[in-house]
Amino acid sequence: FIIFIITASVFFIVGTLYGQNENTYSLLRIFNRVLSIIQTNYVEMVDDQALIRGAIKGLVDTLMDPHTNYLSKNEYTALRISTEGEFGGIGAVLGMRNNKPIVVAPMDNSPAKRAGILPGDIITRVDNELTEGKSLDEVVRKIRGNPGTKVTLIIERTGLPEPTEFIVTRSTIKIDAIPYAGVTKGDIGYIRLADFSKTAGGELKDAIDSLFNIGVKKLVFDLRHNSGGLLNEGIEVAECFIPKDKDIVSTRGRIASSVRTFKSTWDSKYGDFPLVVL
């Protein structure tokens, strides 16, 4: 009966306000009243922030545009890390095994490796906080921090009789846009581009230079599973292969003056050469 009364009240308020001119102000009044009724009268306690975030997400989803998204603070931080190519951390690849965070591999010359952390180590605590029941993202966010600060890890390791404490000083960890470049066979080179982060253009030029300087004349360029990234870096990557004064990409907005076309500004250093793009 109580739920029925609350539901009827919401419909009454919505109906009354919709009788007025349906403009942005009146719709915002409806939203505010509905939120107020839910906060005050809903049968269970509700998380106000979750309600509002859900409303914002619904607003953005109404656009039905896969390239327009609402990001939470943590999601935005993750995006910044992926596009800037570096973050403060210990330099270890983590995974989950039996619902426990485990070190898959410490990166070469990283704080984790220098501290003696090994593949297979199970992280049970981060700064005295249990990792049990937490997601991998939560554990990673706890371990990351400003370069120069310390993080304390309690680790279980096969062969050690009891958990061991490791105090690791965070440093700047760089994520390579090009995780691998090398010669596959004869004069054929291979380059894998993982994303278009802010270092992608420079890394690609260095990789092409190093390969062609050792005799490579043909190139396999691997873009599979590339996660995307920054527009300017995409343009810089394209310029490595496109002749001067050719259209690379154009952007446009609601008004005609917002249309911009980006052209290649120099000829490819190595001219025409056989290229396969995956």
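On a 1 Å grid over the protein atoms alone, a pocket here is an open set of points where a 1.4 Å probe fits, with protein on both sides within 12 Å along at least five of seven lines, and its lining residues have an atom within 4 Å of a point. Grid points are joined across faces, edges and corners, and a volume is the space filled by probe spheres set on the points.

This is a predicted model, in which local features need pLDDT of at least 70 and side-chain atom pairs count only at pLDDT 80 or more, while totals for chains, interfaces and linings use all residues. Residues are numbered from 1 along each chain as its sequence is written, and side-chain values use heavy atoms, with hydrogens and water left out.

The largest pocket has a volume of about 430 Å³, and among the 15 residues lining this pocket, Thr 77, Ala 78, Ile 81, Arg 141 and Arg 144 lie nearest its centre.

For the second largest pocket, the volume is about 240 Å³, and of its 13 lining residues, Phe 87, Ala 92, Val 93, Val 140 and Arg 144 are the closest to the centre.

Turning to salt bridges (a side-chain nitrogen of Lys or Arg within 4 Å of a carboxyl oxygen of Asp or Glu), a search of the whole structure finds 10. One of them joins Asp 61 and Lys 57, at 3.0 Å from N to O. Another joins Glu 129 and Lys 134, whose closest N and O atoms are 3.4 Å apart, and a network of salt bridges links Glu 129, Lys 134 and Lys 142.
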